[in-house]
Amino acid sequence: FTNTTADDDLPTVTPASTAYQIHQRKNSKRIRNQLVQKGLPTNLAHLTKAISQAFKNLSPVERSVYDDEATNDRFRFIRESHLRDVAVERKKDNARRERDEI
C-alpha cells in the first residue's frame with residue numbers, strides 16, 4: 001500500500017479493489033437493512049457473513065459486473081504505480097545531478 005505523505009510530492013497510489021470489496025461497498029447498507037427487517041443481528045460478524053453469502057450467491061452474469069470493475073481498478077492501480085515509479089526515478093536523477101554539481 002503506497003500513499004503520499006504531506007511532504008511527499010510523488011503521485012498517490014491507491015491499492016486496487018477486488019470484486020468482493022466492490023460488492024461489499026455497494027451492497028453493505030442494503031444487506032444490513034435486510035438483516036434489520038428480518039430481525040437478525042447486524043453486528044460486524046453477522047453482516048460480514050451475510051455480505052459474503054450474497055456475493056457467493058451471485059449468478060455469473062451478476063458477478064461479472066464486479067469482476068469487470070475490479071479488472072478496471074487493477075489497470076488504474078498499474079497506471080498509478082507506473083506514474084509513481086517514473087516520478088521516483090526522476091526525483092533520484094535530479095538528486096544525482098545536484099550531488100554531481102557540488
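**Entry 1. D9 and K91**

I began with D9 and K91, whose side chains form a salt bridge with an N to O distance of 3.1 Å. The model I am reading is a predicted one.

I looked up the accessibility of each partner. D9 has a relative accessible area of 60% and is exposed, because the cut-off for exposed is over 50%. K91, at 40% relative accessibility, is partly exposed.

**Entry 2. Confidence**

I checked the predictor's confidence before going further. The chain has a mean pLDDT of 92, and 93% of its residues reach 70 or more. I recorded the highest confidence for helix α2 (residues 44–56), at 98, and the lowest for α3, at a mean of 94.

**Entry 3. E69 and K26**

I turned next to E69 and K26, where I found a salt bridge with 2.7 Å from N to O. This pair, too, links distant parts of the chain: E69 lies in helix α3 and K26 in helix α1, 43 residues apart.

K26 is exposed, and its relative accessible area is 51%.

**Entry 4. D67 and R63**

I then examined a pair within helix α3. D67 and R63 form a salt bridge in which the closest N and O atoms are 3.8 Å apart; I count this pair because the cut-off is within 4 Å. What is the spacing of D67 and R63 in helix α3? They are four residues apart, so about one helical turn separates them.

I read the accessibility of both residues. D67 has a relative accessible area of 31% and is partly exposed. R63 is also partly exposed, at 34%.

**Entry 5. Network and total**

I looked for salt bridges with shared partners. I found D73, R76 and E80 joined by such bridges into one network.

How many salt bridges does the count give? I recorded a total of seven. Among them are the pair D9 and K91, the pair E69 and K26, and the pair D67 and R63.

Terms used
Residues numbered from 1 in each chain as written. Predicted model: local features only at pLDDT ≥ 70, side-chain atom pairs only at ≥ 80, totals over all residues. Heavy atoms only, no water. Buried < 20%, exposed > 50% of the residue type's maximum accessible area, 1.4 Å probe, protein only. Helix = DSSP H or I, 4+ residues; strand = E, 2+ residues; numbered from the N terminus. pLDDT = per-residue confidence, 0-100.
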